[in-house]
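Here are a few notes to go with the structure, written for reading side by side with the model.

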Amino acid sequence: MTRKQRLLIGGEWVEPAAGHYEVINPATEEVVGLAPEASRQQVYEAADAAREAFRSWSRTKPEERAAVLDRAADIVRRESEAYAQLAQAETGATTGTARGMQVAVGEARFRRYAKGALEPTETAIAPQINAAGPMGKAGVFGALEVRQPVGVVTCITSYNNPWANPSGKIAPALAMGNTVLVKPAPQDPLSVFRMAEALTEAGLPPGVVNVVNGAAVGVGEAAVDSPSVDMVSFTGSTGVGQRIAEVCGRGMKRQLMELGGKGAALVFEDADLDSAATGIGTTFSFYSGQICTAPTRVVVQRGVYEALVERLRTYVGYLKVGDPTAAGTVVGPVISAAHRDRVESYVELGKKEGARLVAGGERPALDRGFYVAPTLFADCTNDMRIVREEIFGPVVVVVPFDDEEEGIALANDSDYGLIDYVWSGDVSRAFRVARRLRAGGVGINTVGRNMEAPFGGFKRSGVGRDVGSYALHAYSEVQAVVWPG
């Protein structure tokens, strides 16, 4: 019998008021489980439970919070194989991705913020000598910066990684003494409920983490507009982020927004083209292109333009598309039939816009599943929609440039600015160009990331920064304490 998932509200597993809906395996189109559909009232009750729990959780010792997060990490490790199988079934991720980049990253983030709970929250400020005046007597005034928890944090997470993304919000929020209302993506919420079970088993007090879910728009709206919510942390599309920001603005709620991306990979004539092709090629395979940090927009100097296009075409030819549970599969399905259709509509649009189709462009010949062929377009221009809009699938577009100034201008000519990339054999130039790119992060000769470095975007790619200690700051308010010496 297919398991019916219940909501977690105030430490109790509660039947959803609006019933259940099917979670579909995007590789097989079979039912994975039945996800709960909460009512607006249940979402408000969950937010109120978090508000009530905040009173005591915010006053716990950092060591207590660290111990809970450490125990949760232990449980995730213990159950990692079962968790990975569920994540794979929900998302269509390959086996290596489900184990290593989803569940293992979730475990690592709980472990990281167990240590984060112990990081200092007070910083001394240099004393200031004040002359006598209307504000009082002359004296030396000391000051202290104190980081305090924000309160109740709504975490709305994306579908592309149901372990790394939620844990990257929940763990630092808890470490700082906040309580949390989690609203997972409707396509793959079951993994997030397993995460909540791990936290509950680890000894998290009732109401500190609450998980509601639903495919209806009203569920997410209630998680944002509840008067009990002090902050919203959202990962998802720019359009939805803008609507959330409007509601937060009316209530003066704190925001952390990690939104869309259209990463530019700027490749110069002196670049290691094999390295560049390998890095850019991850867009085709990693999460089947469903990742906002992917270098989907390749801006290449004309002297190596055709050589790089040919390397990317060759790279696509080596990729095995199909069953994500099978050995050797590199590209699994996208999350849903609707998203497959959306990505394919962009492929058709690229053809109509006059881009040169180098590879892909046709649906893979598979009996079941929501598959999109890795697709490469060359001879693109910056006015094409396939260049300007986030496709969120295994599609790469290539634009030529002549000199450094033109390359920088083309890379910056975007509504997005999450992560860009520079490939060049001239390290001095690479760093010079990186400083001029309007993006929250820049990778030089790599698509790798330092997981202590701040993460977030310029322009329509987001508001705020998280990851590492920056996440602890994101989930805290700064208080100044001043006294006379």
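Which unit do strand 12, helix 9 and strand 13 make? Together they form a right-handed β-α-β unit. Please keep in mind throughout that this is a predicted model.

1. **The β-α-β unit.** To find this unit in the viewer, look for strand 12 at residues 264–267, then helix 9 at residues 273–285, and then strand 13 at residues 297–301. Strands 12 and 13 run parallel and are joined by four bridges. A handy landmark for this pairing is L266, which stands opposite V299 in strand 13.

2. **The other partner of strand 13.** Strand 13 is also joined to strand 16, residues 395–401, by five bridges. This pair runs parallel too.

3. **Burial of strand 13.** Is this strand enclosed or open? Five of its five residues are buried, so strand 13 is largely enclosed by the rest of the structure. In a regular strand, side chains alternate between the two faces of the sheet. In strand 13, R297, V299 and Q301 point one way, while V298 and V300 point the other way. All of them are buried, R297 and Q301 included.

4. **The largest cavity.** Searching the whole structure turns up two cavities of 30 Å³ or more. The largest holds about 110 Å³ of space. Its lining has 14 residues, and those nearest the centre are T91, G92, A93, Y287 and Q290. By class, the lining comprises five nonpolar and nine polar residues, with no charged ones.

5. **The second largest cavity.** This one holds about 70 Å³ of space. It is lined by 13 residues, with G261, I291, T296, E390 and F392 nearest its centre. Six lining residues are nonpolar, five are polar and two are charged.

6. Elsewhere in your viewer, have a look at the open sheet made by three strands in the order 5-6-22, with antiparallel pairing. Strand 5 (122–130) and strand 22 (476–484) are its edge strands, each pairing on one side only. On average, neighbouring strands of this sheet are turned by 25 degrees against each other, direction ignored.

7. **Inside that sheet.** Strand 5 pairs with strand 6, residues 139–149, over seven bridges in the antiparallel sense.

Methods
Residues are numbered from 1 along each chain as its sequence is written. This is a predicted model: local features need pLDDT of at least 70, side-chain atom pairs count only at pLDDT 80 or more; totals for chains, interfaces and linings use all residues. Side-chain values use heavy atoms; hydrogens and water are left out. Buried means under 20% relative accessible area, exposed over 50%, partly exposed in between (1.4 Å probe, protein chains only). Helices (H or I, at least four residues) and strands (E, at least two) are DSSP runs, numbered from the N terminus. Two strands pair if DSSP finds at least two bridges between them. A crossover is right-handed if, with the strands pointing away from the viewer, the path from the first strand over the helix to the second runs clockwise. On a 1 Å grid over the protein atoms alone, a cavity is a set of points where a 1.4 Å probe fits but cannot get out, and a pocket is an open set with protein on both sides within 12 Å along at least five of seven lines; lining residues have an atom within 4 Å of a point. Grid points are joined across faces, edges and corners, and a volume is the space filled by probe spheres set on the points. Ala, Val, Leu, Ile, Met, Phe, Trp, Tyr, Cys and Pro count as nonpolar, Asp, Glu, Lys and Arg as charged, and the others, Gly among them, as polar. Axes are lines fitted to C-alpha atoms, for helices over the stretch in contact, and angles run from 0 to 180 degrees between N-to-C directions.
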